[in-house]
Amino acid sequence: MGKPSANAKPDVTAFDTDVTQVDKPTAPPAKSIPRKILDVIRYLYSGALLGFAIAVIMTANPEGKTLKGAGAIVVLWVLVIWLAVMEGGQNALVGLQQLDKSLYRNSHKIAMMSTQVAHKNGNLEKFIVGR
């Protein structure tokens with residue numbers, strides 16, 4: 001037996017699926033101060049626009065300028081929450097593309113089934129480009 005090289009990866013068996021043994025991506029480079037300031041400005045601006053849009057919709061509905069009554073407000077929030085769930089699921093599918101499926105095959109069966117459908121024949125890429 002020879003001495004293992006410095007670049008040798010640990011042996012991962014079928015029974016040992018510890019996530020710490022998987023190669024981790026390197027951290028992105030640190031952002032400069034001007035870049036951080038621009039990010040904060042962008043986040044504040046986006047939040048202000050979102051708040052303005054919500055305020056306009058919430059005040060216009062009770063006045064009868066759009067759909068009538070509290071039902072419209074409930075429908076609005078149900079649809080906004082549904083959109084957030086769908087976007088989060090899509091992001092999860094994109095993130096799971098890079099992981100070894102054996103890491104979650106037995107522990108997360110529903111995730112495994114959905115990723116098999118989404119990743120088959122480039123379905124996910126076609127969906128994202130087709131949007």
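In helix α1 of this predicted model, Asp 39 and Arg 42 are three residues apart and are therefore separated by about one helical turn. The side chains of these two residues meet in a salt bridge, with an N to O distance of 3.6 Å. Asp 39 also forms a salt bridge with Arg 35, where the closest N and O atoms are 3.7 Å apart. Asp 39 and Arg 35 both belong to helix α1, which spans residues 33–60, and a spacing of four residues, about one turn of the helix, lies between them.

Arg 35, at 40% relative accessibility, counts as partly exposed. Arg 42 likewise counts as partly exposed, because its relative accessibility is 41%.

Helix α2 comprises residues 69–96 and contains Trp 82. With a relative accessible area of 52%, Trp 82 is exposed, as values over 50% are assigned to that class. Trp 82 is one of the residues that make a nonpolar surface patch of about 590 Å². The patch is also made by Trp 77, Val 80, Ile 81, Val 85 and Met 86.

Helix α3 extends over residues 109–119, and within this helix Met 112, Thr 115, Ala 118 and His 119 are buried. These residues cover an arc of only 135 degrees around the axis, which means that they are placed on the same side of α3. The face turned away from this buried side carries Lys 109, Ile 110, Met 113 and Val 117, which are exposed.

The chain just after α3 includes Asn 121, which takes a positive phi of about 55 degrees. This positive value occurs in a residue other than glycine. Asn 121 is found in the loop between α3 and α4, the latter helix covering residues 123–130. Asn 121 has a relative accessible area of 60% and is therefore exposed.

Conventions: Residues are numbered from 1 along each chain as its sequence is written. This is a predicted model: local features need pLDDT of at least 70, side-chain atom pairs count only at pLDDT 80 or more; totals for chains, interfaces and linings use all residues. Side-chain values use heavy atoms; hydrogens and water are left out. Buried means under 20% relative accessible area, exposed over 50%, partly exposed in between (1.4 Å probe, protein chains only). Helices (H or I, at least four residues) and strands (E, at least two) are DSSP runs, numbered from the N terminus. The arc is that of the directions from the helix axis to the C-beta atoms. Patches are made of residues with over 30% relative accessible area and no salt bridge: like charges are joined within 9 Å, nonpolar side chains (Val, Leu, Ile, Met, Phe, Trp, Tyr) within 5 Å. Accessible areas come from the Shrake-Rupley method with a 1.4 Å probe; for residues, only the protein chains shown count as cover. A salt bridge is a side-chain nitrogen of Lys or Arg within 4 Å of a carboxyl oxygen of Asp or Glu.
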